[in-house]
Amino acid sequence: MSACVTNTSPLIALSAIKRLDLLREIFPETLVPDAVFRETVTDGVGWHEANQLQQELVAGNWLVRVKVPDSSFLNGLRNRLGGSGEAEAIVLAKERSLPVLLDEMAGRRAAAALGLQVIGSLWVLRQSKAAGRIKLIRPVITQMIESGIYYHDDLVEKFLREVGE
């Protein structure tokens, strides 16, 4: 895989711990819908956890901003999911036949129902460990949580068991 489409939450999770490099190593081109750009850069002024992300988005080297045209499909997803970032990410991933990086359950379910490959920030950590970029996942998740990122305790424990930690 060389490209994916992303929503805000996984980017913030990695930015909060200054590890966007983990995503860049897996996806040297990551498409960022306009709504996600607005959420993190335009509306995200002063958002400490987004500092690294904001710098990378403005540089535009590997995080590529993409305009998603309005459509009835997009508007339906916006209404269903209650926001534009996830909806635009799903529509763009569907249009480009790319995996979509989402952490919120409602968006993950909607994307899966459309036949998309759905990945999340924990998937990025699993791939990074498998590639030897990080030794252990538990301390990375702990750092994310201490930075204000929320993961349900049961999800974290199940995931850590799956990866042998």
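Author: Two strands pair if DSSP finds at least two bridges between them, and helices (H or I, at least four residues) and strands (E, at least two) are DSSP runs, numbered from the N terminus. This is a predicted model, in which local features need pLDDT of at least 70 and side-chain atom pairs pLDDT 80 or more, whereas totals for chains, interfaces and linings use all residues. Residues are numbered from 1 along each chain, and side-chain values use heavy atoms, without hydrogens or water.

Reader: Which are the edge strands of the open sheet?

Author: The open sheet is built from 5 strands with parallel pairing, and its order reads β3-β2-β1-β4-β5. An edge strand pairs on one side only, and this holds here for β3 (63-66) and β5 (118-119).

Reader: How many bridges join β2 to β3?

Author: On one side, β2 runs parallel to β1, and these two strands are joined by 3 bridges, with C4 having T30 of β2 as its bridge partner. Towards β3, the residue L31 has V64 as its bridge partner. The strands β2 and β3 also run parallel, and the number of bridges that join them is 4.

Reader: How many of the residues of β2 are buried?

Author: A residue is called buried under 20% relative accessible area, exposed over 50% and partly exposed in between, using a 1.4 Å probe and protein chains only. Strand β2 is largely enclosed by the rest of the structure, because the number of its residues that are buried is 4 of the 5.

Reader: In β5, which residue is the bridge partner of L101?

Author: Strand β4 (residues 100-101) pairs with β5 in the parallel sense, and 2 bridges hold the pairing. In this pairing, L101 has its partner in β5, and that partner is I119.

Reader: Is I119 buried or exposed, and what is its relative accessible area?

Author: I119 has its place in strand β5. Leaving aside neighbours within four places in sequence, I119 is in contact (heavy atoms within 4.5 Å) with F27, P99, V100, L101, L102 and R108. I119 lies 27 residues from L92 in sequence, and the two are 15 Å apart in space, C-alpha to C-alpha. I119 counts as buried, and its relative accessible area is 1%.

Reader: How many residues apart are F27 and W123, whose rings form a pair?

Author: Rings of Phe, Tyr and Trp (its six-membered ring) pair if their centres lie within 6.5 Å, and planes under 30 degrees apart count as stacked, over 60 as edge-to-face and the rest as tilted. The structure holds 1 aromatic pair, and this pair of F27 and W123 is stacked because the ring centres are 5.9 Å apart and the planes stand at 25°. The pair links distant parts of the chain, with F27 in the loop between α2 (20-26) and β2, W123 in helix α8 (residues 121-130), and a separation of 96 residues.

Reader: Are F27 and W123 buried or exposed?

Author: F27 has I119 among its contacts, and W123 has its place in helix α8. For both F27 and W123 the answer is buried.

Reader: Which residues of α7 do L77, R80 and L81 meet?

Author: The three residues L77, R80 and L81 belong to α5. Their partners in α7 are A106, G107 and A110.

Reader: What is the relative accessibility of R24?

Author: R24 lies in helix α2 and, not counting residues up to four places away in sequence, touches E56 and W62. R24 is 13 residues from L11 in sequence, with 11 Å between them in space, C-alpha to C-alpha. R24 counts as partly exposed because its relative accessibility is 30%.
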